[in-house]
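Me: Could you walk me through this structure, taking it one piece at a time?

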Amino acid sequence: MRTSRHSTLRAGLAAAAALAVLAALAGIAYEQIGRYRAVRDFPAPGKMVDVGAGRRIQLDCRGTGSPTVVFEAGLSVDGSLSWSAVQPKVAAHTRACAYSRAGLMWSDPSNTPPGAAQAVHDLHAVLAKSGERGPFVLAGQSLGGLYALGFTHRFGAEVAGLVLVDPSHPEQVERVAHFMTESRSMRSRIGIALAPFGVLRAAAPVLLPESPHHSAQDMQAVRAFAPKSLRTQLAESDAVDASLAEAMDFQHLGDRPLVVLTAMAPYTAAELRGMKLTPEQGRQVQAIWQHMHGEMAAWSSRGRQLLVAGAGHDIQFDEPQAVVDAVLSVVDAVRAQRR
């Protein structure tokens, strides 16, 4: 009897193991087919630029004129599409380029650890390899604002002006530490680990719900590349502390035209829950954020801060015209210097 029970148990375990293997193989096949279809169905806007070491970066440049505006996305998964509501309007007045950082959307991942240094290196390489020449006006949102400052620090001769869209501040963690603590979900890490088995691809419609900011086609593209982009986003998030520390050296902008846009829409109930803040604490955090941006505007002798009342953190989507106007004001200031 005991031998029979053991045999039954072993048979059951073997069947469960076989099913698990079959499920894993099916998931791998599903993911591989999804990757193929993503490239086939959603070709990269602009072009893919070889930056060396077998890597290509997606770069989308439109319009003509100088200075060339270069857009740097924040900590997001949509790469160059982060600027879809702004770039065409700027391109009607001057050359305007948006790109996807390594590992986001169409761009190949990098073996270099993510962060400001890696982003700056890749951006300079993709602009040089594609034949885009300065002077540049850099427009960076959130963490992308720090990357734009890093580019200015490293390649200052090529940067004529900047627009920082609700940018990160090097001391933001310390300034708000007594209000909120950072948490990075273990569920996100588990999801990333299971990405090769198709889990993230299957979950993409839930993780990335329909957005009024993106067209249906763009939203489908974002979801199609989500397994790769979400992995990169998590890696960049893990590197935020190092990027903030590095940005302490990025605060000297000379007399370049600079506009810092600050989102002033009150935090939503969902945002307050996510940050574990009361409404009063939310107002205090927002006041600190506004003050930090005022400091950043003073990093240039020609800097100014603009408060955008109707926008949340993603000003480029909530109030795109405010970003367009700020960018074109810096473009005009750069042109006026040449006369």
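Predicted model: local features only at pLDDT ≥ 70, side-chain atom pairs only at ≥ 80, totals over all residues.

Me: OK, how many residues does the largest nonpolar core have?

Reply: The largest nonpolar core has 38 residues, and those with the most contacts inside it are Val126, Leu138, Leu149, Phe151 and Leu162. A nonpolar core here is a set of buried Ala, Val, Leu, Ile, Met, Phe, Trp, Tyr and Cys residues joined through side-chain atoms within 4.5 Å. Buried means under 20% relative accessible area, exposed means over 50%, and partly exposed is in between (1.4 Å probe, protein chains only).

Me: Which element gives the largest share of this core?

Reply: That is helix 3, residues 116-129, with seven residues. Helices (H or I, at least four residues) and strands (E, at least two) are DSSP runs, numbered from the N terminus. Apart from this core lies another one, of 28 residues, among them Trp83, Val86, Val324 and Leu328.

Me: And what does Leu162 touch?

Reply: Leaving out residues up to four places away in sequence, Leu162 touches several residues, including Val137, Leu138, Ala148, Leu149, Leu253 and Val330. Contact here means heavy atoms within 4.5 Å.

Me: Switching to strands, is strand 5 enclosed or open, and why?

Reply: Six of the six residues of strand 5 (residues 136-141) are buried, so strand 5 is largely enclosed by the rest of the structure. Phe136, Leu138 and Gly140 point one way from the strand, whereas Val137, Ala139 and Gln141 point the other way. As a general point, side chains in a regular strand alternate between the two faces of the sheet.

Me: Which strands does strand 5 pair with?

Reply: Five bridges join strand 3 (residues 68-72) to strand 5, and the two run parallel, with Thr68 standing opposite Phe136. Strand 5 is also joined to strand 6 (residues 159-165) by six bridges, again in the parallel sense, and there Val137 stands opposite Gly161. Two strands pair if DSSP finds at least two bridges between them.

Me: What do strand 5, helix 4 and strand 6 make together?

Reply: Strand 5, helix 4 (residues 143-154) and strand 6 make a right-handed β-α-β unit. A crossover is right-handed if, with the strands pointing away from the viewer, the path from the first strand over the helix to the second runs clockwise.

Me: Back to strand 3, are its faces covered or uncovered?

Reply: Both faces of strand 3 are covered, as Thr68, Val70 and Glu72 on one side and Val69 and Phe71 on the other are all buried. Strand 3 also pairs with strand 4 in the parallel sense over three bridges, and the bridge partner of Val70 in strand 4 is Cys97.

Me: Which cysteine forms a disulfide with Cys97?

Reply: Cys97 forms a disulfide with Cys61, and their sulfur atoms are 2.1 Å apart; a disulfide is a pair of cysteine sulfur atoms within 2.5 Å. The pair links distant parts of the chain, with Cys61 in strand 2 (residues 55-62) and Cys97 in strand 4 (residues 96-99), 36 residues apart. The torsion about the S-S bond is about 115°, so the disulfide is right-handed, and both Cys61 and Cys97 are buried.

Me: Where are the cis peptide bonds you'd point out?

Reply: One joins Ser66 and Pro67, with omega about 5°, and Pro67 lies in the loop between strand 2 and strand 3. Another runs from Gly134 to Pro135, with omega near 10°, and Pro135 is in the loop between helix 3 and strand 5.

Me: Last one, is Met105 buried or exposed, and what about Lys276?

Reply: Met105 is at 0% relative accessibility and so counts as buried, while Lys276, at 70%, counts as exposed. Phi of Met105 is near 50°, a positive value in a residue other than glycine, and Lys276 likewise has a positive phi, of about 60°, although it is not a glycine.

Key. Residues numbered from 1 in each chain as written. Heavy atoms only, no water.
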